[in-house]
Amino acid sequence: MESHGSETEGKGPVLHIVVVGFHHKKGCQVEFSYPPLMPDEGHDSNLLPEEWKYLPFLALPDGAHNYQEDTVYFHLPPLTGDRKCVYGVSCYRQIEAKALKVRQADVTRETVQKSVCVLSRVPLYGLLQAKLQLITHAYFEEKDFSQISILKELYDHMNGSLAGSALDGSQVYLGLSPRDLILHFRHKVLLLFKLILLEKKVLFYVSPVNRLVGALMTVLSLFPGMMEHGLVDSSHYRPKSSMSEDLGLVDSSGAEEFITVSVTDIAASNLELEGVESTQPAVESLSSGTSTEGDNHYLKPPSRTSPGSSESDWETLDPSVLEEGVPKEVADVAAELPDTFEPNPEMPITVQPQAVSGQGGVTQGLVSGLEEDQYGMPLAIFTKGYLCLPYMALQQHHLLSDVTVRGFVAGATNILFRQQRHLSDAVVEVEEARVQIQDPELRKILCLTTADLRFADYLVKHVTENRDDVFLDGTGWEGGDEWIRAQFTLYLHSLLSSALQEDNERLLADYGAPFVSAWKITHNYRVWFSNKHPGMTVITPGHPFQGQYGVADVKLRLSHSVQNSERGKKIGNAMMTTSRSMVQTGKIVGQSVGGALTSAKSAMSSWFSTLAHAQTLP
């Protein structure tokens with residue numbers, strides 16, 4: 001990949017301030033950038049690095065002319081060897097051309113559409129948006145877009161105010177409200193959570209873009225550590241024009257080369273750890289190419305290279321691979337083992353070093369390469385070809401079927417994305433709070449257990465009961481945003497702790513045996529399981545809402561069936577229609593049908609309960 005140098009010019013968290021406009025002949029294009037996107041060009045150059053060719057279409061979203069203003073979050077691939085995602089925030093506005101004080105010659109339409117963007121090294125979406133909206137408003141109030149001094153001041157101000165700022169929750173989660181998410185999606189939030197754990201292809205759909213990116217990023221904020229440290233590898237894709245230059249990635253030799261790079265990255269990350277002695281590898285490197293038939297299942301390329309390849313055969317980690325820089329006590333243990341031993345798949349043998357700054361700190365993950373806490377969070381979900389694209393432009397449509405992309409969590413506003421459902425495992429229609437999954441097998445895997453339903457109902461009740469409390473408006477504890485994230489952290493920690501126990505079938509059954517089986521072959525689980533995480537020793541295994549079934553569970557299951565199955569919805573609608581008809585008939589004939597209506601409702605409820613119970617049977 002060509003190095004343009006623009007990503008390393010500035011030392012602050014903000015890389016560039018960019019203005020994107022809509023030209024009546026050329027379409028969306030960059031009109032201004034500071035510092036210049038291309039080092040050898042001026043501030044007003046339209047040229048872009050090849051890797052960022054979609055920037056204009058991301059900053060000025062499809063259908064933007066339907067809205068007076070909008071906000072976009074988007075991710076760009078890195079330009080240099082830094083290999084870290086570039087986070088973009090764009091504020092779009094339009095103004096009538098006749099209101100301009102200085103009308104340039106290329107303004108031929110009645111309205112002028114522009115976006116002001118910030119390209120940043122840090123995922124402070126809400127904070128960047130708050131600052132950017134003020135400047136965008138002031139920029140448009142000038143009514144003279146040649147006045148760019150305010151944009152240069154914005155660049156200096158942001159780098160000055162954000163320099164050295166820690167990625168703590170108060171800043172990272174600004175503008176993301178799990179309370180609103182639960183009020184809208186209710187128990188389906190847990191379904192989305194488990195769907196992403198399985199690393200499936202998930203497409204969010206709604207307009208305008210600010211609703212889209214808000215819902216998508218709020219779901220991701222439920223994963224502990226994900227917003228702070230889990231997205232750095234989430235945008236490694238290549239533009240369509242350059243795909244032909246690297247067709248080797250689709251054959252077996254190319255896939256091996258791709259996987260080999262990931263192992264090298266692991267070794268490089270080990271050398272960066274402070275206080276860790278450099279030792280000889282305890283196990284012979286796989287790059288020698290002399291592996292026996294017995295260890296062919298370690299770190300192998302995908303057996304299929306079609307778009308239908310599942311994430312389960314994309315990459316298999318060998319927990320016995322101990323690169324240079326492993327802690328000394330582990331190297332001593334490994335040195336006593338035979339050269340060709342078969343690792344116990346039930347026990348991780350790589351020890352994750354604890355943070356120097358204490359239990360609240362993070363360290364470089366030995367295998368994931370991410371900054372991890374003592375529990376191994378964040379999980380390595382958005383790595384090795386699993387993309388996070390809060391907003392996808394229509395020009396990026398090819399990524400949905402790209403063989404080098406093993407999965408994605410993406411957002412779109414163009415209806416063409418929603419119509420091609422076969423390219424996604426799940427389509428989340430945000431407006432209707434609907435999660436559409438075509439594959440019956442995947443629906444079975446994601447079926448919420450009774451313990452899961454208790455957990456989801458617990459969240460919904462706490463949020464809905466306090467929704468009118470002005471003192472709790474997302475800032476309180478129980479039922480507030482931080483409280484909700486803490487519940488999902490507990491859920492995930494308990495799930496991981498249960499997976500570490502011997503004879504854990506009973507513990508994991510509360511999470512759904514089909515789900516756990518599918519999750520254990522994902523990339524993120526294998527990476528997490530290949531390490532030992534000291535913090536997990538204090539986590540109690542078992543589902544937080546495990547326990548004996550009761551009458552309340554039956555009611556909860558029936559309610560869930562009504563809300564989520566097509567059959568249940570039809571029966572519910574039929575009951576409402578019948579009730580209205582009987583009431584109207586009673587009014588016409590002048591008879592009191594109160595008793596008859598009550599009896600009819602009781603009979604229909606019994607009939608419905610029987611059908612709903614039958615529906616849950618295999």
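**Salt bridges and a buried methionine**

Colleague: What does Lys461 count as, going by relative accessibility?
Modeller: Lys461 counts as partly exposed, because its relative accessibility is 44%. The cut-offs are under 20% relative accessible area for buried, over 50% for exposed and partly exposed in between, with a 1.4 Å probe and protein chains only.

Colleague: Before we go on, what sort of model is this?
Modeller: This is a predicted model, where local features need pLDDT of at least 70 and side-chain atom pairs count only at pLDDT 80 or more, while totals for chains, interfaces and linings use all residues. Residues are numbered from 1 along each chain as its sequence is written, and side-chain values use heavy atoms, with hydrogens and water left out.

Colleague: OK. Which residue forms a salt bridge with Lys461?
Modeller: Asp457, with the closest N and O atoms 3.3 Å apart. A salt bridge here is a side-chain nitrogen of Lys or Arg within 4 Å of a carboxyl oxygen of Asp or Glu. Both residues sit in helix α14 (residues 450–465), four residues apart, about one turn of the helix. Helices (H or I, at least four residues) and strands (E, at least two) are DSSP runs, numbered from the N terminus. Asp457 is partly exposed at 23% relative accessibility.

Colleague: How many salt bridges does the rule give?
Modeller: Twelve. One of the pairs is Glu31 with Lys114, at 2.4 Å, N to O. Glu31 is in strand β2 (residues 27–34) and Lys114 in strand β5 (residues 111–120), so the pair ties together parts that are 83 residues apart in sequence.

Colleague: And Lys114, buried or exposed?
Modeller: Buried, at 8% relative accessibility. Glu31 is partly exposed at 23%.

Colleague: Which residues are linked in a network of salt bridges?
Modeller: Arg418, Arg421, Glu429 and Arg434. The side chains of Arg421 and Glu429 meet at 3.4 Å, N to O. Arg421 has a relative accessible area of 23%, so Arg421 is partly exposed; Glu429, at 3%, is buried.

Colleague: Switching topic: where does Met227 lie?
Modeller: In helix α9 (residues 226–229). Met227 counts as buried because its relative accessibility is 0%.

Colleague: Which residues does Met227 touch?
Modeller: Leaving out residues up to four places away in sequence, Met227 touches Pro123, Tyr125, Val172, Tyr173, Leu176, Met217, Leu220 and Ser221. Contact means heavy atoms within 4.5 Å.

Colleague: How far apart are Met227 and Pro123?
Modeller: They are 104 residues apart in sequence and 6.9 Å apart in space, C-alpha to C-alpha.
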